[in-house]
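Please look through the sequence and the model below before reading on. The report that follows is meant to be read with both of them in view.

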Amino acid sequence: TILVQFEFISLICNTRIMTTSFIKTFAISFLALIATPPSYGRCLRHLLKNSDNATTTSPPNNPHGNLDGLTNPHGATARPLSSLGADLDYSYYDPIGPFEMYWSFEGEGDEESIEMAFTLPSDIFIGIGFGCTSSKACDMVVGNAGGRNPAFIEDYFEIEGYQEPHSDVELGGTNDLTLVEAKYENWASTLRFKRKLNTGDKWDAEIVKGKMDLVYAWCEEPFCVDTHSAHAPGAWNIITVDLSTGA
């Protein structure tokens, strides 16, 4: 069925081992049989272009390889991923990604704000969503910290959950983020930013000093190849964090 075919393509696109000529031939047959979603199509084109005689992991400077004798620099033995944010009051870690987050609160009343740093393994894009358990109707912070691609940060809102998000400005809102610092190290991007807990913008979730649902995602090659690509099916996670304690 088409569903099984999509699942097979998803499996191919999420493997960290470059495909062989056999997979290349198989992928071509699928392209001939079905019209794949745009992100799958981009992934397959990338695989077909790079699969010949390729037997090692990709991309170069593989983030899941070795670093100075350490096994998998994105594994638990290599934590922390980034030095950016270690001075903030609270922290949270999840091995899926892996993902690190640091934050502090400052100010009072309507002017109270959060300063946050989060880290994920990509130099294309990383993102975090506030007050949501999927990408639908989700307030997002998306950006990159450098590496092979320029650093940026943007205040986004995803309406439908299956399309590219729109910037708050495009939707008639405001950009309520202040970038403090962006740093790319250990094959991971860290974005540190400030924003008010309650910005007054209809496209921003109110950040609470308590339990809050968050989502995060990152662009993992070869499925995701640029800022217009969807993240891989396994390159995201839903978490609930108590922002008053870090638990």
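## Basis and overall make-up

This is a predicted model, in which local features need pLDDT of at least 70 and side-chain atom pairs count only at pLDDT 80 or more, while totals for chains, interfaces and linings use all residues. Residues are numbered from 1 along each chain as its sequence is written, and side-chain values use heavy atoms, with hydrogens and water left out.

The chain holds three helices and 13 strands, where helices (H or I, at least four residues) and strands (E, at least two) are DSSP runs, numbered from the N terminus. Of its 247 residues, 48% count as buried; buried means under 20% relative accessible area, exposed means over 50%, and partly exposed covers what is in between, with a 1.4 Å probe and protein chains only. The chain exposes about 12000 Å², and carbon and sulfur atoms supply 54% of that area; accessible areas come from the Shrake-Rupley method with a 1.4 Å probe, and for residues only the protein chains shown count as cover. Among the contacts with a separation of 6 or more, 56% come from residues 24 or more positions apart, a contact being heavy atoms within 4.5 Å.

## A sheet of five strands

Strands of a sheet pair through backbone hydrogen bonds, either parallel or antiparallel. In this model, an open sheet of five strands has the order β3-β4-β5-β11-β10, with antiparallel pairing; two strands pair if DSSP finds at least two bridges between them. The edge strands are β3 (90-94) and β10, each of which pairs on one side only. From one strand to the next the twist averages 15°, with axes taken as lines fitted to C-alpha atoms (for helices over the stretch in contact) and angles running from 0 to 180 degrees between N-to-C directions.

Strand β4 (residues 99-106) is joined to β5 by seven antiparallel bridges, and in this pairing Glu106 has Ser113 of β5 as its bridge partner. Strand β5 (residues 113-120) in turn pairs with β11 in the antiparallel sense over eight bridges.

How many of the nine residues of β11 are buried? Seven of them are, so the strand is largely enclosed by the rest of the structure.

Strands β10 and β11 form a hairpin with two residues between them, and Asn186 in the turn has a positive phi of about 55°. Trp187 lies in the loop between β10 and β11 and has a phi near 60°, a positive value in a residue other than glycine. Trp187 counts as buried because its relative accessible area is 18%.

Lys196, also in strand β11, is partly exposed, with a relative accessible area of 33%. Leaving aside neighbours within four places in sequence, Lys196 is in contact with Asp110, Glu111, Glu112 and Ser113.

## Rings and charges

Seven aromatic pairs are counted, the rule being that rings of Phe, Tyr and Trp (its six-membered ring) pair if their centres lie within 6.5 Å, with planes under 30 degrees apart counted as stacked, over 60 as edge-to-face and the rest as tilted. Tyr92, Phe99, Tyr216 and Trp218 form one aromatic cluster.

The charged end of Lys209 sits over the ring of Phe105, 5.0 Å from its centre; a charge sits over a ring if NZ of Lys or CZ of Arg is within 6 Å of the ring centre and within 35 degrees of the ring normal.

## Details in the loops

A cis peptide bond joins Gly97 and Pro98, with omega of about -5°, and Pro98 is found in the loop between β3 and β4. Another cis peptide bond joins Glu221 and Pro222, with omega of about 5°, and Pro222 lies in the loop between β12 and β13 (236-242).

Ala137 lies in the loop between β6 (126-130) and β7 (138-144), and has a positive phi of about 55° although it is not a glycine. Val208 is placed in the loop between β11 (188-196) and β12 (211-218). Val208 and Ser244 are 36 residues apart in sequence, with 8.5 Å between their C-alpha atoms.
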